[in-house]
Every structure is written in C-alpha cells, then in structure tokens.
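User: Could you show me how to read a strand, a chain contact and a domain boundary in a model of this kind?

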Amino acid sequence: MVEPDPDTWEDALTRRLRTLLRTAPLHQLEASKRQRGEAFAHQDLRALGLRALDLAIEHKGLGHGASFEELCVELEPLVRDVDPELSPERALEIAAVTLEALLNESGRRQAFREPYLALTPERVTHKLLEFHLLRERQLPDGSTIIEPTTQAINLYAGMLEYEVEDAQAAEEAVLRSQVRRGRIEDAVRTAKRARLRSIEYEQKLVTFLETTRRDIGQVNWVETALGIIDEAREHISERLEVEREILAAIETRRELEGTTNSTTSPKAGAQLAALEDTLNECLTRHAKLHQRLIRANADYLVEHDRQAFRPQLATPLPDLEAEVLSDALELPTLALAQLADELLARCQAPRCPPSLRLGALIERLLNPRRVEVGDYETWAPELEEVETPPPVFDDEDRRRVAELLAELRGRQRLSELLARARGRGYPPQSLRLLVLELLSAFDPEAANAPVEVELSDEWLDDPTFRGDELIVRELAHG
Amino acid sequence: MADAQQLAQDAAKLLRFGLQPKLRPANEADYGVLLRRYDAELELRGFVHMIADGLGLVVLGVTELGLVLGAEPDGPFALTLADYRRSGLSVEARMCHGLIQLLIAAYCFPSAASLEDATHIAGTRVCVNRLVEHLVNLAREFERRANEDPELGTKELREAWRAVLSMAQTRGTTDGRSAANTLSGMTLHALKQLERGGLMRKLGDQDGGSFQALGAYRLQVRELAALPAFRLVRDARAREERG
C-alpha cells in the first residue's frame, strides 16, 4: 500500500482530522453509556457499533440487506457474551440503541455534522463535515433494510485516507503476488479486503448514479458525469481483467499442487476454494456494475425527459423547524386556525371522497335476510300464533332509562351511562332501549328529546355495543 | 404506438392505483407494468399528468412503493378538517390540528437538507409521546422568553404556544386512551391518517403509537407542503403585524 503523498503538512493534517471525525458517532455512543443505566455498563458500544457496520456490510455483500430487527438479532449474542446475565430482551434493546445511534436517530436521521478546522498553507477555515453511517432503504414489498454508506465501509475498513480505486488496485497487486508465491492463507485475507473494497466502490458509484438520476440539475452531465463514468468503466474493466487473471492463477496453482503433491492438505484445498469464491463474488459484482455503467447514458436521457416535466423550484426549501413551525407557534390561535384546512390538504395524502349511492343502500337494507340452508337436519321450534307480539321493551325498561337520563348532570359519555346501568344490574333490553333513545335524538323531526346528544370523535368502548361514542348532555334550560 | 384513448385509459388506471396507497406495485402486476411504462413512455406520462391536473391531483413522484399523489388544496381530493374530524371543533382545536401537521413534518424533516434526501431512504421513527414532548418544549421556550403576559381577553387572540401550554395540562381519559381533544389524541389521529395515506408505516403501540416516515412523506412535504406552508405562515404573520 502506498501512502498518499501529502503536498503539505496542512493537507495531511486536515485529511487525517476528517478521518478521525468520522469515528465521532462511535465515541459519542460509548460516552452516552453512563446515562443509559446499569445494563450498558459492561458493554463496549464502540465494538458493538463496529460489529453492526461489519454485519451491514456483510449483508450488502451478499446482495440482500438485513432489516433493523434482523441486525439486532445478529448483534444480540455479542451483547450477551459480554454480560451473560442479561435477558435476551434487554440485549436486543442494547443492540437497537447501537443501531439507532449509527442511523443518527436522535438527530432525526439527519447527517452527522462535525465542525472542524481546515488548514491550508494560506489560511485556516472552519468547515463542517457531514456524513451518514447507516441508512434505511425501502424495498418494493414495503419492508426496509439497513445499508452502510461509503463512509461507513471506509470507516470499518480503516482506510479513510485512500481513494477506493487506488486501494482496490493495490489490494489486487498484493493478491496476485501472494497467489503466485503460494501464500494462500495470506491471499485469503487480502481477498476479503478486496471484497470489502469492491462493495465500497459499488456503493460509491451507485450513490453517484442515483444522485444524478434524482436530480439531473445537480451534476453537469457532459462535462463531469460522462468523465467520471468513462473512468469508472476503465477502472472496472481493469478489475475484471485482473480478477480473471488471479482466478486463472489459482486454477494453475491447484493443478500444480495436484501434480506435484498428491496429498494436498484438506486445509489448503478449502483455502483455495474460499479464495475462488471471494474472487468470483467480486467478479460478479464488477460485471454487474459494468452493465449499469453501459446503460448510464441512456438512463440519464430518459431521466432528463422525465424531469423536464417537473418545474424546478426557484426558491430554496425552508428549514421547517426553524422557519415554519417556530413562526407558526407565535401566530395568534385564530390566525393559525384559519390555515388549518390548507395545511391539512398539503401535508396529508389525497382522500377519495366517499360516495353514497342511496339507491343501492336502500335496496340492500330492504333485502330479506339471507337464509343459510345447510344440508343437515334443522330443528324447528314449535311455534304458536299470537295475536299481538309482546313488546320488545316493557314499562320497566322505560322507567329505568328515564331514571338514568333524569339523573344526568352536565355532559356524560354513552359508555359511562351504559357502565352505570350495568352496575345497577339492568337487563340487556334496558341497555338497548337506552341506546335507541339516544340515537333517536339525531332524528331531525324528533320532538321532546329528553337530552341533547352529539357525536364524539372516538369509538364507543363497550362490551356489547359498537359504533361512535356519544356525548349526552342535559337539555339547556331556557 | 397506443392510441390516445388507450393511453388515457392506462393513465387513469395508474392514477386509480396511486389513489390506493396500500396497493404495492410488487403485489399488483398491472400497477408494476404501468409504473415502468410511466417511467419510460413520455406520452403516457403526459396523459397521467394532464388527467391528474384536471382532477385536482398532483403527481409528486414515484417511490419503490408506488406513485405518490398530492391533492390541490381546493380540489375534491383535498383532506379538509370536516372530513378529518367529524364533530364541530373549537378554534383552538382547529388551530392544533393544523399545527400538528406542521409539527410532524418539521420533526421528520427539520432542515432543508433532510427534505432533499433520496426518496428510497426511509425517514426517522416518531412516536406520539416524543412529538408532544417536542411541541411542549418548543412552547416552553417561548414562555421562557416572553417577559410579560399580555392578558389578551379571548382565547382566539392569544399566541398558539400559549394554547399549546394550556392544552398540555389536559390529560387523557382514565382508561389510558387518548381523549380526542388532547395533544396526544390529535397527534395520534394525524399519524394514523398519514399511515392510511401511505406516507408513514406503523411500527407498534409503544410510546403512545410509533410510526416511521416513508420516502413518500418526504416527497409530499418537499413538493407540496414545505414552501406553501412557509409562505402561509409568513403572510399570516405579516397580516398580524400590520394589525
């Protein structure tokens, strides 16, 4: 590995400072331990954080990410190794705290921001380093996965000072020489680092392409982007070539070992196989990236057409918290209340207006109840004709309801009235009568309603009745 | 090339899918096909935008989970307070419902940079308790800075933050449910509505109800809410200052 040649000590220092700053979230996480209670005392949250990055990178390398919950489950054994006394639930909680810290959940998932002093031979300036470590990506099926950012891969690999392209070429040169000299054990280690580089490079390039795709105005396509894409294509072609060469060298070595030493140790065989697998994975990733780069220009043109439709915002977006919410809080209540409808319409998704087809509703209500006919014998009760059916509610029911409503003072909920009636042991039909009496107050033609009734926004909380909660009030006098 | 009638039908169908936020292109083959065509066919895209425009809808963009539509505030698809809360509301309650929309948007995307993030990135996790606490803390900050109590006669004229502080005193019902007219009840109502609209996903019932902002919510706030809300509030302040 070649140390990048620093032009001046100021450049080198600034670069190293930026490297150091990217570890800040891990140190802050560790420092927050004291406020988090006893269960965290024995844990090394920096180690846990790095392991979380490692796992996220590993899953990304395998081509499918892991969800927040899956990563917590994978981190849990490490937490419990440190403190076997912990319950699995508590251990998962600690894992979740670690992941949340790397997502910057407490900063509401904004970029980590670290101010620093940038030195040049001419002057000293205050700058801000902004970066993410983990991000949560939505998948088409509605689930989400956690992904490492380029900076996170860099941080984990401990290679922040090197350009990923240089690091990749260097790793491969080392790998080639190790394979040639038969140092397979070392080669396996180097290949793993090369694999990390290939994931990092993929992340870097995909982020660039996606940023461009999202907002074509951000990048000058002809002057900047095409140049970057050409370089990337060349870089990847080289990688593919070198990786194929190394694979061929591994094959040669395998044949060589097979002819010169018929008793190749199983360990060496396994190492060669692992080396081959890792390199094949890199090769596949690079081949896919190559395809994507070939399509990049066509994708850009489609996107260009698409975005031409969208009017570009002439005014920069506001900081919602500082410039809108805060100002709104200072408005008089009435003035802000008058904006409520527009704010709702703008902040919420569209609502399909419900349409009631009266004809269909009436038809459905008038339909006779459907009788289920089973092919089993049904028991037919012996029926007797009566002249007038007995009333559903008797005088006693009416008396009970009247008594309940007469006792009403101020406002009460229907659920409370029902609970009181049950407490007095009233039979179910009395409760039903109470509900019907109250509902009849909504009849526009009803006269002499004993109480005033209005709809509440809540659901009725009752074991027997379902529907809206009602607010019952005694009649206003006068 | 498909004729205009067919294009109009396909465009309307795509809008129909977009108006059903729980429908995913991954689960509905036709939806997926139409979205890919929307991406690739300039003509179809033109039809989708024109029909949406005629209906009072705005095509905000596309995420992995489907087409994201917004409503023109004066169109039939706009959510109004009357749909949002069925019973009559006091001026204070109306104010709070509007304020809570701003609170949630500002909590999820506090800075312009967080609104600029890519739409495939899921947003922050929010819960009712934390949101209400955040709002009350902001109001307390105003209280700390206010050096006098102007003793304004009516509730309608006092500043919103004073109303928030007095509402913060109201507790939920004894059985633990949030009463509809407390800050918690209103916040939960807003989050549930966002979830129904496909802008949030529900994570659980802990902390008063936990949700996660989706990329679609970022699109909605960025494309439809942020700037107009900024202007609405700024203009209202200017009117107040002129008296």
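Analyst: The dialogue below takes up these features one after another. This is a predicted model, in which local features need pLDDT of at least 70 and side-chain atom pairs count only at pLDDT 80 or more, while totals for chains, interfaces and linings use all residues. Residues are numbered from 1 along each chain as its sequence is written, and chains are lettered from A and ligands numbered from 1 in the order in which they are written.

User: How many residues of strand β4 of chain A are buried, and on which sides do they lie?

Analyst: In a regular strand, side chains alternate between the two faces of the sheet. Strands (E, at least two residues) and helices (H or I, at least four) are DSSP runs, numbered from the N terminus, and a residue is buried if 20 or more other C-beta atoms, placed from the backbone, lie within 10 Å of its own. In β4(A), residues 144–148, five of five residues are buried; A:T144, A:I146 and A:P148 lie on one side, with A:I145 and A:E147 on the other, and both faces are covered.

User: Which strand is joined to β4(A), and by how many bridges?

Analyst: Two strands pair if DSSP finds at least two bridges between them. Here β3(A), residues 134–138, runs antiparallel to β4(A) and is joined to it by five bridges; one bridge links A:E136 with A:I146 of β4(A). The hairpin of these strands has five residues between them, and there A:G142 takes a positive phi near 95 degrees.

User: Into which domains is chain B divided?

Analyst: Domain bounds come from an automatic or database domain assignment, which here divides chain B into domain 1 (4–71) and domain 2 (81–242). Their C-alpha centres lie 30 Å apart, and ten residues of domain 1 are in contact with eleven residues of domain 2. On the domain 1 side of that contact, β1(B) supplies the largest share, four residues.

How values were computed
A residue is buried if 20 or more other C-beta atoms lie within 10 Å of its own, exposed if 12 or fewer, and partly exposed in between; C-beta atoms are placed from the backbone. Two residues are in contact if their C-beta atoms, placed from the backbone, lie within 7 Å.
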